[in-house]
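This report goes through selected features of the structure shown here.

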Amino acid sequence: MDVLTVDGLSVDFVTSEGRARAVDNVSFSVPENRTVALVGESGSGKTVISQAIMGLLPEKAEITGGRLLFNDMAGGTAVDIAALNRKGEEMRAIRGNRIAIIFQEPMTSLSPLHTIGDQIGEAAELHRGVNAAEARELTRDMLRLVRFPDPARALNSYPFELSGGLRQRAMIAMAMICHPALLIADEPTTALDVTIQAEILKLIKDVQSELSMSVLLITHDFGVVANMADEVVVIYHGRIMEKGAASALFANPQHAYLKALLNAVPRIGMEPGERLVPIRPIEPHAEGFLAGGRSNGVAKGAPLVRLEHVSKTFLTRKSGLFGGGAHELLALDDINLTVRRGECLGLVGESGSGKTTTAKAILRAIDIDGGTIHYDTGAGPMDVAGLSGPALLDYRKRVQLIFQDPFSSLNPRMTVNDILLEPLIIHEVGTPAERAERVRELMRLVGLDPRFLRRYPHSFSGGQRQRIGIARALALNPEFILCDEPTSALDVSVQAQILNLLKDLKSELGLTYLFVSHNLAVVDYIADRVAVMCRGRVVEIGETRSVVEEPLHPYTRALLRSVPEPDLDAPLDFAALDEQRASEPSLWPEPFRLTDGTAPVLVEMKPGHFVCAPGASATRPEPAREAIL
Amino acid sequence: MLYYILRRVVTMIPTLLVISFLTFIIIELPAGDYISNQIAALKAAGESSSVAKLEFLRAEFALDRPFLERYLIWVGLWPGPHGFDGLLQGNWGWSFEYEKPVADVIGPTLPMTIILNMATILFVYVVSFPIGIYSATRQYSWGDYGFTFVGYIGLATPNFLLGLIMLYLANRWFGLSIGGLMDPEYIGRPMSVDKMLSILAHLIVPTIVIGTAGTAAMIRRLRANLLDELHRQYVTTARAKGMREARLLVKYPLRMALNPFIADIGNLIPSLVSGSVIVSVVLNLPTVGPVLLNALQSQDQFLAGFILLFVAILTLIGMLVSDLLLAVLDPRIRLGGRAAS
């Protein structure tokens, strides 16, 4: 029995430039109590389909054909949603009641001015005919079902008081409160950390079996698909490319597009030297001034950047109106790190673990409170904090940053030409003619046509913008590049393209990377060594292979356990997630346990593989700290 | 909460002192004072007999003292010719122009000013909110364009011109007497029902005239704010719950769009007092505005100083009220410190 049957659905967008078909003759069905995954890149039309089912299509979208048959198991006959008035009474009775949705961005999908209890209970008041007090009761039960730590208190808390994971739980509670027959989950975990992602996925599975409902899961992450879906529908440019049972599709993908997508996903434990195959590969061509990169006296493999005992405390003054005072937050606690010339050091951790703060400290975008950062330009290590004037300007040329969000990191009022020229102008590099030539070389280097130079950022796709960002970082011919989650805002196919580009650039230009990411698979693919951070401390550092295959620290293990793999034979161990959250340093077992004030000492457990284990260091004579540095 | 209000009120005291000092500097900026100007005029006319009296007045009001001392005497922190007798002691000063205490000059105009301003603020909010919401929810419709057009006319027309036209029409069609805030026969008479009605009838024209520009500006801002909010994700979430459009609109985006308006209350008050001066002169309204203009022209310094200070106090109170209202309406401000990171 199918809860939802999409039959030949077509949706057009009517704009002043004419009609554009967003969804073209799409047919699939969602069986009772099953999970169907709708997979595709951004712009493939998967969100438009979900909006059509919810009757939430924007004004300028129009269903031009097909039916959306919703067959409510709770009785009644099948309804054709496509034929209903989007704002009409009947549609409102279904929306939020029999079909519910959770969105990607838990930060913005709840109103900041209303309590969680108010916003969740509202759906019950609307559809279940209960009064406010009963709605509160139902809401509390729901919050308990989605495992809120303290449901009674959560009723009166506001979204901004909750973490991203809890907000997403609240969203799920809101969607579940009327016990819908169908839940649409639109990228429910894309904005979350990997450990929280695993928890939310588990939660959706649990709730699904408890309330026996169907789930339409919209995602671009094959790891999520492999762990959640019974059936998969692959969509590309508004058309269905392939559909079928998950087992069949993963074992034997038929369509070239699906094969290509699967090849583009980085997996943990890929063969050394194995390359991802992006759908639209680009070949970087280093020429002119960029060929060979910058000459630096530091030999390959010798320390280029060295952080010693770096610490940073943020003073948050978010004291509300009534009382409260300055609140200290230890962002970096005694960080020791070395980046060797020519390597890529991956920096992994959940949000708030201090990864980006470390990158910013190296960049000298923030001042550190303690410790030193040394950078070797070839003339011996120099203290980054002591740089000023021309020396600082020279340092800025050597060290560049690639940002996470390609949309907000490019000035929308500057052409690509202006964006790429700006660093050259600031650092007074070359004559205008030379600069123009350099900019064209940069464009070719990242696989963009130099004819695009006069365009503005908005006319590029996310991946193209990120390439512009990379080109800007390379404009001054740097030797060290900090990549702050450069692919986390991109689709998998584009991610593979960017990762390959970064890899190629590194070998062609002899670059050194510090690659910040929360995605372990990505770091595994690109990094030579990896450092795992938690709560402002480095907890494990070593060769990527060694850390990924034999993680020693409990936190690293938990992190690795929560990565959903695009492989049906390696499902997430949801049962293990029920254990105590692994990101609480005081709950780690000995010898890893860290309490406030304990120095996070790194101990060499295996050659080149260090683990933060203050308990173990006491038993050993002298931690071989020098070896890391 | 109580502690917060108390703290805010206490911090207002130094602010007020600074404002009063600045006010005093400003009104003393022109050379000389009212009396020395009078003396100069008398001497030029050859009349020396009254000079002695004026000299006496100068000493009486401590105008012969040094600047800082004059300021402190005015505020009431320094003994003047009559001991401590300044603003703090409730003596608002003497108006040379009217030859009356400032309290007597301003006294009758203050309630009128407040009534007029309240009416105007009410008018602005009552008219602009429905129109702003309509314009935002039906963006680019004929109604939206129509209101935009009318709004721009309202912004562009000089207020006094609009006032004169409306007064003329009101007189022709409804027989209202021109100018003033009540029919002439009621001036100086005790309050009665008829007088009230007369005041209400006379309030209509000035309220509309003073409020038009503010209304037009408010409509534009509400429309822009609301348009921003309408496309937020949380509105879609609410819609996905199956809420009715109208209820949804009031509960979510409108609440969010309100913040700037509440924050604006503090700024609204002084601009209504000073912005309506010309209109009040043209329409002959017995409000503080024309008195202030007169006092500044004739260097009637205690009168001008008191009015400026009065407006400043109104602003401070407005700010306090808007801050408190914001805290009540926006939990992010109220509970910011409790947020879990």
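## Two crossing helices

In this predicted model, helix H3 (residues 116–127) of chain A and helix H4 (residues 132–145) of chain A have axes that come within 8 Å and cross at roughly 110 degrees. Angles of 65 to 115 degrees count as roughly perpendicular, and H3(A) and H4(A) are therefore roughly perpendicular to each other. Their crossing is right-handed.

On the side of H3(A), the contact is made by A:Ile116, A:Gly117, A:Ile120, A:Gly121, A:Ala124 and A:Glu125. These meet A:Ala132, A:Ala135, A:Leu138, A:Thr139 and A:Leu143 in H4(A). Seven residues of this contact are nonpolar, three are polar and one is charged.

## Chain A as a whole

| Property of chain A | Value |
|---|---|
| Helices in chain A | 22 helices |
| Strands in chain A | 22 strands |
| Box filled by the C-alpha atoms of chain A, along the principal axes | roughly 80 × 60 × 55 Å |
| Buried share of the 629 residues in chain A | 57% |

A compact globule with 629 residues would have a radius of gyration near 25 Å, and the 26 Å of chain A agrees with this. Among the contacts in chain A with a separation of 6 or more, 70% are between residues 24 or more positions apart.

## A helix in chain B

Helix H10 (residues 233–240) of chain B has B:Tyr234, B:Val235, B:Thr237, B:Ala238 and B:Ala240 as its buried residues. After H10(B) comes B:Gly242, with a positive phi near 90 degrees.

Technical notes:
Residues are numbered from 1 along each chain as its sequence is written. Chains are lettered from A and ligands numbered from 1 in the order in which they are written. This is a predicted model: local features need pLDDT of at least 70, side-chain atom pairs count only at pLDDT 80 or more; totals for chains, interfaces and linings use all residues. Side-chain values use heavy atoms; hydrogens and water are left out. Axes are lines fitted to C-alpha atoms, for helices over the stretch in contact, and angles run from 0 to 180 degrees between N-to-C directions. Helices (H or I, at least four residues) and strands (E, at least two) are DSSP runs, numbered from the N terminus. Angles under 35 degrees count as roughly parallel, over 145 as roughly antiparallel, 65 to 115 as roughly perpendicular and the rest as oblique. A crossing is left-handed if the near helix is turned anticlockwise from the far one by less than a right angle, and right-handed if clockwise. Contact means heavy atoms within 4.5 Å. Ala, Val, Leu, Ile, Met, Phe, Trp, Tyr, Cys and Pro count as nonpolar, Asp, Glu, Lys and Arg as charged, and the others, Gly among them, as polar. Buried means under 20% relative accessible area, exposed over 50%, partly exposed in between (1.4 Å probe, protein chains only). The radius of gyration is taken over C-alpha atoms; the globule rule is 2.2 Å times the number of residues to the power 0.38.
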